[in-house]
Amino acid sequence: MTGLAALITAIAALIAAIVWPVSLIVLFLLFRAQILLAAENVPALVKRMRKVKLGVFEAELEKETEGLVDAALADPSKISPQQIRSATRVQVAARALDDQALRAQLKQLSLEFDILRKTLPSGRERSRAMTEMLVKMRTIGPALSHLIGELKASDSPGERLAAIAMMQLDPDLLDLDWLLDRFKSDPPFLFFQSAFALKNAARLLGPEDDAKIRQTAEKALQQVMAYAGEPDANTVQLLEEIVGGEN
């Protein structure tokens with residue numbers, strides 16, 4: 001009887017093993033058209049979901065940077081606690097997006113900066129527009145700090161500004177030689193932001209970094225003063241404060 005029970009159990013297991021694949025094949029044949037149509041729609045559905053997420057993220061970025069531009073214009077040599085909190089919240093929100101979508105967002109900001117710099121005449125409107133791009137770069141920066149090497153090597157002033165914005169928020173990303181080069185080849189707006197990155201690092205990093213930062217600031221000051229025409233007074237003031245040890 002035991003042998004018969006074992007045989008019946010084995011047969012039942014064999015039938016079960018055969019029935020499920022056969023059932024799946026039958027179901028596929030019966031609903032083949034619907035299954036193929038659903039499969040074709042999956043990429044479009046994923047794409048729509050990504051667009052929705054990106055749209056929500058862009059709205060969050062706009063919301064978080066509201067009011068920060070005025071603060072940055074009022075005191076361009078200071079990063080407010082609100083800016084830091086906004087960057088942190090956006091970093092959390094960015095986790096819902098893939099890296100490609102975040103890269104696209106940063107590239108859009110960089111391109112906008114490049115276009116604004118070339119098309120708007122020098123003045124208050126241009127300064128405000130470029131500061132708005134900078135504030136957004138600071139806000140999105142912590143979520144993309146792993147891209148800083150790529151941004152530093154870019155031919156786009158906007159993307160290099162994004163790298164500077166990351167250094168302003170995180171002095172551990174500081175690259176003194178690279179920042180010094182900004183005073184040689186970049187637009188004046190990047191002069192001040194590079195000087196501010198140095199100033200902020202001097203405030204936050206330890207005494208062991210002070211000498212290197214001061215040396216970099218001294219060389220940068222010499223380069224700024226050597227330019228033809230009137231040097232930017234705010235940039236000169238920041239660099240002089242660093243050289244003088246005023247943190």
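Select Arg128 to begin: its relative accessibility is 38%, so Arg128 counts as partly exposed (under 20% relative accessible area is buried, over 50% exposed, partly exposed in between; 1.4 Å probe, protein chains only). This is a predicted model, in which local features need pLDDT of at least 70 and side-chain atom pairs count only at pLDDT 80 or more, while totals for chains, interfaces and linings use all residues. Residues are numbered from 1 along each chain as its sequence is written, and side-chain values use heavy atoms, with hydrogens and water left out.

Asp70 sits in helix H3 (residues 68–74) and Arg128 in helix H6 (residues 124–140), so the pair ties together parts 58 residues apart in sequence. Helices are DSSP runs (H or I, at least four residues), numbered from the N terminus. Asp70 is partly exposed, at 44% relative accessible area.

Stay in helix H6 and select Glu132 and Lys136, four residues apart, about one turn of the helix. Their salt bridge has its closest N and O atoms 3.4 Å apart. Glu132 is partly exposed at 29%, whereas Lys136 is buried at 6%.

Next, pick Lys152 and Asp175, a salt bridge with closest N and O atoms 2.8 Å apart. Lys152 is in helix H7 (residues 148–152), and Asp175 is in the loop between helix H8 (157–169) and helix H9 (176–185).

Notes:
Helix = DSSP H or I, 4+ residues; strand = E, 2+ residues; numbered from the N terminus. Salt bridge = Lys/Arg side-chain N within 4 Å of Asp/Glu carboxyl O.
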